Amino acid sequence: MRLDPRVLGYLGRALSHEYGAVQQYLTHAGLAAAWGLEAGAARLREEAREELDHAERLTARLLDLGAMPGASRLRPVRAGASLQALLEADRALEAEALALYREAAEHSARVGDTVSAELFAALYEEERAHARALAEWIDELRAAPAAPRLGGIDA
Ligand SMILES: [Fe+2]
Ligand SMILES: [Fe+2]
């Protein structure tokens, strides 16, 4: 298999995405904890760990291909003043991941890099599960009685 520069480009973009996601989920976990929402904070911390696992798998693939991982341009955190607003921002983040991984998997398969294609496809499925879980969580919050508004940090 000849090394395809666009596959490397997708791996680099994916790594930047994942470190940005770690930053956003850890920030949201910290905000939720500061608002006294410990269960929500724990769940967001767990999301951050899953995104870090994605970064680890992408790093391994880059090293396998002989490329030095070099994530850059960390995406700024989008926050909000309520747990629901944080989750909406996280859902937008997951939608970006889905678009990126679909494109990356299709391209990798097209150029015959099946290992990268499989990694991107697996990440796509995991981000889809994240997006689905966030949507359900948001629905639960909407159905619950209104919580008192707490101070937060606006994006
Ligand atoms: Fe991820
Ligand atoms: Fe995710």
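Donors are taken here as N, O and S atoms within 2.8 Å of the metal (3.2 Å for Na, K and Ca), and because water is not among the atoms, sites may look incomplete. The structure is a predicted model, in which local features need pLDDT of at least 70 and side-chain atom pairs count only at pLDDT 80 or more, while totals for chains, interfaces and linings use all residues. Residues are numbered from 1 along each chain as its sequence is written, chains are lettered from A and ligands numbered from 1 in the order in which they are written, and side-chain values use heavy atoms, with hydrogens and water left out.

Distant parts of the chain are linked here, with glutamate 18 in helix α1 and histidine 54 in helix α2 (residues 38-64), 36 residues apart. Helices are DSSP runs (H or I, at least four residues), as are strands (E, at least two), numbered from the N terminus. Both glutamate 18 and histidine 54 are buried, a term that means under 20% relative accessible area, with exposed over 50% and partly exposed in between (1.4 Å probe, protein chains only).

Glutamate 51 is buried because its relative accessibility is 1%, and histidine 130 is buried at 4%. The two iron ions lie 3.8 Å apart, and glutamate 51 coordinates both.

Alanine 95 belongs to helix α3 and is partly exposed, since its relative accessible area is 43%. Although 32 residues separate alanine 95 from glutamate 127 in sequence, their C-alpha atoms are 8.2 Å apart in space.

Charged pairs come next. With a salt bridge defined as a side-chain nitrogen of Lys or Arg within 4 Å of a carboxyl oxygen of Asp or Glu, the count comes to 11. One of them joins glutamate 96 to arginine 78, with the closest N and O atoms 2.8 Å apart. Because glutamate 96 lies in helix α3 and arginine 78 in the loop between α2 and α3, the pair ties together parts that are 18 residues apart in sequence. Glutamate 96 is partly exposed at 34%, and arginine 78 is partly exposed at 31%.

Within helix α3, arginine 91 and glutamate 88 sit three residues apart, about one turn of the helix, and form a salt bridge whose closest N and O atoms are 3.2 Å apart. In helix α4, arginine 128 and glutamate 125 are also three residues apart, about one turn of the helix; the closest N and O atoms of their salt bridge are 3.2 Å apart. Salt bridges that share partners join Glu88, Arg91, Asp139 and Arg142 into one network.
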